[in-house]
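Subject: Structure for you to look through

Dear colleague,

I am passing on the structure that we talked about, and below it you will find my notes on what turned up in it. Please read them slowly with the model open beside you.

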Amino acid sequence: MIVGERKPVAEILEMTKGYDRIFVAGCGTCVTVCLAGGEKEVSVLSSLLRISGKKTGHKVKVVEGTIERQCEREWVGEMKDKVKDADAVLSMACGIGVQLVAEMYPEKPVFPALNTTLMGFPTKHAVWLENCRACGDCMLHLTGGICPITRCAKQMLNGPCGGSLNGKCEIDSEIDCAWALIYEKLKATNRLDWMSKIQPPKRWDIAGHGGPRKTVKEEEVVP
Amino acid sequence: MKAGSNLEKILEKGQFAVTCECGPPKSANGDVIRQKAKMIKGKVDAANITDNQAAIVKLSSFAAATILLKEGIEPVMQITARDRNRIAIQSDLLGASAVGIRNVLLLTGDHQKLGNHPEAKGVFDLDSIQMIDMARRMRDERRFQNGEVMDVPPKLFIGAAENPLAEPAEYRVPRLEKKVVAGADFVQTQGVFDVERFEKWMAAVRSQGLHKKVHIIAGVVPLKSLGTAKFVNDKVLGMTVPDSLFERMKKASDAKAEGVKIAVETIEALRKIEGVQGVHIMAIEWEEKVPEIVEKAGLLPRPVA
């Protein structure tokens, strides 16, 4: 899932300064599950905005609302009445949601309340590990289901660098060396022969370095 | 001869090679390189110019290698994948060859997070093995990474680095083999203190016949003080200083002299290991000791290739 975390309150107050009617919009999917931008977090942030308004003497009306998904037009369309009544929208969705709301309501300023941090899964309650960078050319079948693009700090494709030590990464001894994990997994599954195959340079154009990407499922596109 | 460098000739003749590290300054002062060049002239076969080592900004390896050339010392120009993509690396390989730099050492590079600009964007378009493979194809097949053909290929003696004692140890030899298959002509290892462990690695290297396919140059780091020993042990990736050497450095009345003595003994021990074809002395900001170490190790005069 897409994981995010709320920006510091001071930063949020700075971006919403001067707006009298703020719609705090939550998203019911990824950011709800990662405890960053669901109904509960919308309520907490709204309270903070109201308290700050009282403290500073700036009367601010805060309206709350959480929809199923801010990354789909149908759902975002359902927000229209609340958006209309507000003079700014504070979206608690990931960056995708913020952008769709901004696009669908061109006359309204839309601000992000979260920093979108990663795509990954939880390793335990409230801890998420980055697992995928959407590089456009999955090689997990060759690397024991462990992504070196995401989990190796140098995105090595041909085994660990010289800084890998005792299974840990050179940048932080708390971080697992992706290639140490890959090695163990390939060994356990009798695929160590793959380690000796030289992987050619990666196509970084389709990994995001070739300009904005677009995915089209031709047969489904309605002209 | 692939590139016809002094280092290549010496190694190909089977003579024991001596290289050292020559770190560029953290300023625009080219005289630092000139001074270091004067210290080591005639004492080594080639000198490595590090490329923003430890991800700390230094005078560029290309410029420093050019200065060394002018001073009459053969450079080994280091290039990392951290700060350059395949376009820049190929460009530098062509340029290096054009100005007469013949030896290159291709590394992935220390991560920028460890250096003095930890907020920088890392490049890592290629890894070291892909860089080596690309350089070999440029030289031998006259092809760029994209397959296009060039009319004048670069003359390169291609080096790789290896950290023989890093864990998981069982993967270090296969990784060396991968670098050899990719096209490494010589390998310079991380500094060796624990000769016994290094010997075991070399036995594994020999069992795969790799010592016959690539020239192996063992790294030696002279210890300037007990503090250096601690620093190297704790901070330098993959280098472990055995307790016995800590003890010697601690007890020594003249730590610097003891450090030189240990380096000389290490070189003598490494020289006896089958398959070790040279030593690479990394006297970090202590280059003035290189001549003394080389002399005491009985490696002077250097052969004229």
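In chain A, four strands form an open sheet in the order 3-2-4-5, and their pairing is parallel. Here helices (H or I, at least four residues) and strands (E, at least two) are DSSP runs numbered from the N terminus, and two strands pair if DSSP finds at least two bridges between them. Strand 3 (61-67) and strand 5 (110-112) of chain A stand at the edges with a single partner strand each, so one side of each has no neighbour in the sheet. Neighbouring strands of this sheet are turned against each other by 25 degrees on average, direction ignored.

Before going further, please keep in mind that this is a predicted model, in which local features need pLDDT of at least 70 and side-chain atom pairs count only at pLDDT 80 or more, while totals for chains, interfaces and linings use all residues. Residues are numbered from 1 along each chain as its sequence is written, and chains are lettered from A and ligands numbered from 1 in the order in which they are written.

Within the parallel sheet, strand 2 (residues 21-27) and strand 4 (residues 88-91) of chain A pair over four bridges, and F23(A) has V89(A) in strand 4 as its bridge partner. Helix 3 of chain A lies across strand 2 and strand 3, running at about 170 degrees to strand 3 of chain A; for such angles, axes are lines fitted to C-alpha atoms, for helices over the stretch in contact, and the angles run from 0 to 180 degrees between N-to-C directions. Helix 6 (residues 95-104) of chain A also packs on the sheet, where it touches strand 2, strand 4 and strand 5 of chain A, and its direction makes about 175 degrees with that of strand 5. Contact between two residues is taken to mean that their C-beta atoms, placed from the backbone, lie within 7 Å.

Chain A also holds an open sheet of three strands in the order 1-6-7, with antiparallel pairing. Its edge strands are strand 1 (2-6) and strand 7 (127-130) of chain A, each of which pairs on one side only, and neighbouring strands are turned by 70 degrees against each other on average, direction ignored. Strand 1 and strand 6 (residues 114-124) of chain A pair over five bridges, with G4(A) standing opposite T116(A) in strand 6. Strand 6 and strand 7 of chain A pair over four bridges, and there F121(A) stands opposite L129(A) in strand 7. The hairpin of strand 6 and strand 7 of chain A has two residues between the strands, and A126(A) takes a positive phi near 70 degrees in it.

Two further backbone details deserve a look. L35(A), although not a glycine, has a positive phi of about 60 degrees, and its place is in the loop between helix 2 (30-33) and helix 3 (39-56) of chain A. In chain B, the peptide bond from L300(B) to P301(B) is cis, with omega near -5 degrees, and P301(B) lies in the segment after helix 11 (290-296) of chain B.

The axes of helix 5 and helix 6 of chain B come within 8 Å and cross at roughly 20 degrees, which makes helix 5 of chain B roughly parallel to helix 6 of chain B (angles under 35 degrees count as roughly parallel, over 145 as roughly antiparallel, 65 to 115 as roughly perpendicular and the rest as oblique). The contact is made by I129(B), I132(B), D133(B) and R136(B) of helix 5 with K178(B), K179(B) and A182(B) of helix 6.

Helix 6 (residues 172-182) of chain B also packs with helix 7 (residues 195-207) of chain B, at an angle of about 50 degrees and with their axes 10 Å apart, and these two helices are therefore oblique to each other. Here R172(B), V173(B) and L176(B) in helix 6 meet W201(B), A204(B) and V205(B) in helix 7 of chain B.
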